[in-house]
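Please look through the structure shown here before reading the briefing that follows.

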Amino acid sequence: MIFITAKFRVKPEHADDWPSITADFTTATRAEPGCLWFDWSRSLDDANEYVLVEAFADDDAATHHVTSDHFKAAQQHLPPHLVETPRIVNFKVPQDGWSELGELAVK
């Protein structure tokens, strides 16, 4: 799978509205074939930072994502709300879902 984590530093005046600002993009992405997850979290340390954790089944699914109409729309719609270009970590991982964190196993 393609596993991606991205950090978005949102302008303070838009930070509380970020979930609604990204809602259409999020909904459309989650509906894509091959999208395994697309989940936003807000930083506990910086209220203006959101972290996006996303995964796609394979290269075809990731390519479909970045060439989709909703991705192209997001490229226009999201940057005016940001302080800086988002930072990203992108890996190919030889699995297709989450593994358990054995060190913190719940018994």
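**Strand pairing**

A6 of the model stands opposite L52 in strand 3, where strands, like helices, are DSSP runs numbered from the N terminus (E, at least two residues, for strands; H or I, at least four, for helices). This is a predicted model, in which local features need pLDDT of at least 70 and side-chain atom pairs count only at pLDDT 80 or more, while totals for chains, interfaces and linings use all residues. Residues are numbered from 1 along each chain as its sequence is written, and side-chain values use heavy atoms, with hydrogens and water left out.

- Strand 1 and strand 3 pair in the antiparallel sense over 8 bridges, two strands being paired if DSSP finds at least two bridges between them.
- Strand 1 is also joined by 6 bridges to strand 4 (residues 87-92), and these two run antiparallel, with I4 standing opposite N90 in strand 4.
- The covered face of strand 1 consists of I2, I4, A6 and F8, and the uncovered one of F3, T5, K7 and R9.
- In a regular strand the side chains alternate between the two faces of the sheet.

**Helix 4**

- The buried residues of helix 4 (residues 59-66) are A61, A62 and H65, where buried means under 20% relative accessible area, exposed over 50%, and partly exposed in between (1.4 Å probe, protein chains only).
- These residues cover an arc of only 100 degrees around the axis, which puts them on the same side of helix 4; the arc is that of the directions from the helix axis to the C-beta atoms.
- Among the elements that cover these buried residues are strand 1 (2-9), helix 3 (23-30) and helix 5 (69-77).

**Nonpolar core**

- The largest nonpolar core has 20 residues, and those with the most contacts inside it include F8, W18, W40 and F56; such a core is a set of buried Ala, Val, Leu, Ile, Met, Phe, Trp, Tyr and Cys residues joined through side-chain atoms within 4.5 Å.
- The largest share of this core, 4 residues, comes from strand 1.

**Salt bridges**

- A search of the whole structure finds 7 salt bridges, each being a side-chain nitrogen of Lys or Arg within 4 Å of a carboxyl oxygen of Asp or Glu.
- In one of them the side chains of E49 and R87 meet (2.9 Å, N to O), and because E49 lies in strand 3 and R87 in strand 4, the pair ties together parts that are 38 residues apart in sequence.
- E49 counts as buried at 10% relative accessibility, whereas R87 is partly exposed, with a relative accessible area of 40%.
- Salt bridges that share partners join R9, D46, E49, E84 and R87 into one network.

Technical notes
Contact means heavy atoms within 4.5 Å.
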